[in-house]
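Here is a short report on the strands and helices of one model. Please keep the sequence and the 3D view at hand.

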Number of protein chains: 2
Amino acid sequence: MRIPILKLYNYLLISIQTEIDDQTAIQFQEDLLNEIHKTGSQGVVIDLTSVEVIDSFIAKVLGDVVTMSDLMGAKVVLTGIQPAVAMTLIELGIHMRNVPTALDLEQGLLKLHQELGE
Amino acid sequence: MRIPILKLYNYLLISIQTEIDDQTAIQFQEDLLNEIHKTGSQGVVIDLTSVEVIDSFIAKVLGDVVTMSDLMGAKVVLTGIQPAVAMTLIELGIHMRNVPTALDLEQGLLKLHQELGE
């Protein structure tokens, strides 16, 4: 299974709406970086509204993909982190301090606009 | 597998990027109608850029979902129909005459703006 990546203007939008296993997460990381390269997108919003549980591996992959995208020149915003997911992340000691977050997709896009100074 | 549905402002965006089987198509139909009901969205863009083959069943489900959404008050635009898919559809005798189409996601949103008179 692959997570669909939508290109909208110079942004990429991703909504993760299923439980993702390790293989899917790795595949997603690769797909997203390729898509950034292919489209020259400057901003990415990853929406986690429908993600109700997260484990340390998936959290690490998500954290990594943010850093990797940054390295390639694309800003990533994570949106819609659920209370349970936020609790798990902190309990796992994953603080995602350098990762911009927002409440939902719309707020995420607004944040990107601001970060990119548009 | 479920196809993710993104809510952006008063639109729903869907990008179908995998081969879909009959079960997934039916599930998608149900999910989309529920999402329209839940969010009160006025417009839907279904992007088929990554769909390379289509069969008569999936085409029928897609055609139906457009009519059903219309009935609920949401306008649907299909975007990114590939040459091979267009050929298959016509060969199957499926003309989708009442279905607005556009080249890509951006054009699809523009078309929705126009259709909804915004």
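In which helix of chain A is A:Gln29 found? A:Gln29 is found in helix H1 of chain A.

This is a predicted model, where local features need pLDDT of at least 70, side-chain atom pairs count only at pLDDT 80 or more, and totals for chains, interfaces and linings use all residues. Residues are numbered from 1 along each chain as its sequence is written, chains are lettered from A and ligands numbered from 1 in the order in which they are written, and side-chain values use heavy atoms, with hydrogens and water left out.

A:Gln29 counts as buried at 12% relative accessibility. Buried means under 20% relative accessible area, exposed over 50%, and partly exposed in between (1.4 Å probe, protein chains only). Leaving aside residues up to four places away in sequence, A:Gln29 touches A:Val61, A:Asp64, A:Val65 and A:Met68. Contact means heavy atoms within 4.5 Å. Helices (H or I, at least four residues) and strands (E, at least two) are DSSP runs, numbered from the N terminus.

Helix H1 (residues 22-39) of chain A packs on helix H2 (residues 56-72) of chain A at an angle of about 10°, with the axes 10 Å apart. Axes are lines fitted to C-alpha atoms, for helices over the stretch in contact, and angles run from 0 to 180 degrees between N-to-C directions. H1(A) and H2(A) are therefore roughly parallel to each other. Angles under 35 degrees count as roughly parallel, over 145 as roughly antiparallel, 65 to 115 as roughly perpendicular and the rest as oblique. Among the H1(A) residues in this contact are A:Ile26, A:Gln29 and A:Leu33. H2(A) contributes residues including A:Val61, A:Val65 and A:Met68.

**The sheet of chain A**

In chain A, 5 strands form an open sheet in the order S1-S2-S3-S4-S5, with mixed pairing. Two strands pair if DSSP finds at least two bridges between them. The edge strands are S1 (6-8) and S5 of chain A, each pairing on one side only. S2 (residues 11-15) and S3 (residues 43-47) of chain A pair in the parallel sense over 5 bridges. A:Gly43 in S3(A) is the bridge partner of A:Tyr11.

A:Asn98 lies in the loop between helix H3 (83-91) and strand S5 (101-102) of chain A. A:Asn98 is exposed, with a relative accessible area of 75%.

**Strands of chain B**

| Strand pair | Sense | Bridges | Opposite residues |
|---|---|---|---|
| S2(B) and S3(B) | parallel | 5 bridges | B:Tyr11 and B:Gly43 |
| S3(B) and S4(B) | parallel | 5 bridges | B:Val44 and B:Val76 |
| S4(B) and S5(B) | parallel | 2 bridges | B:Leu78 and B:Thr101 |

The hairpin of S1(B) and S2(B) has 2 residues between the strands, and B:Tyr9 takes a positive phi near 50° there. In S2 (residues 11-15) of chain B, 5 of its 5 residues are buried. B:Tyr11, B:Leu13 and B:Ser15 cover one side, and B:Leu12 and B:Ile14 the other. In a regular strand the side chains alternate between the two faces of the sheet. In S4 (residues 75-79) of chain B, 4 of its 5 residues are buried.

S2(B), helix H1 (residues 22-39) of chain B and S3(B) make a right-handed β-α-β unit. A crossover is right-handed if, with the strands pointing away from the viewer, the path from the first strand over the helix to the second runs clockwise. S4(B), helix H3 (residues 83-91) of chain B and S5(B) also make a right-handed β-α-β unit.
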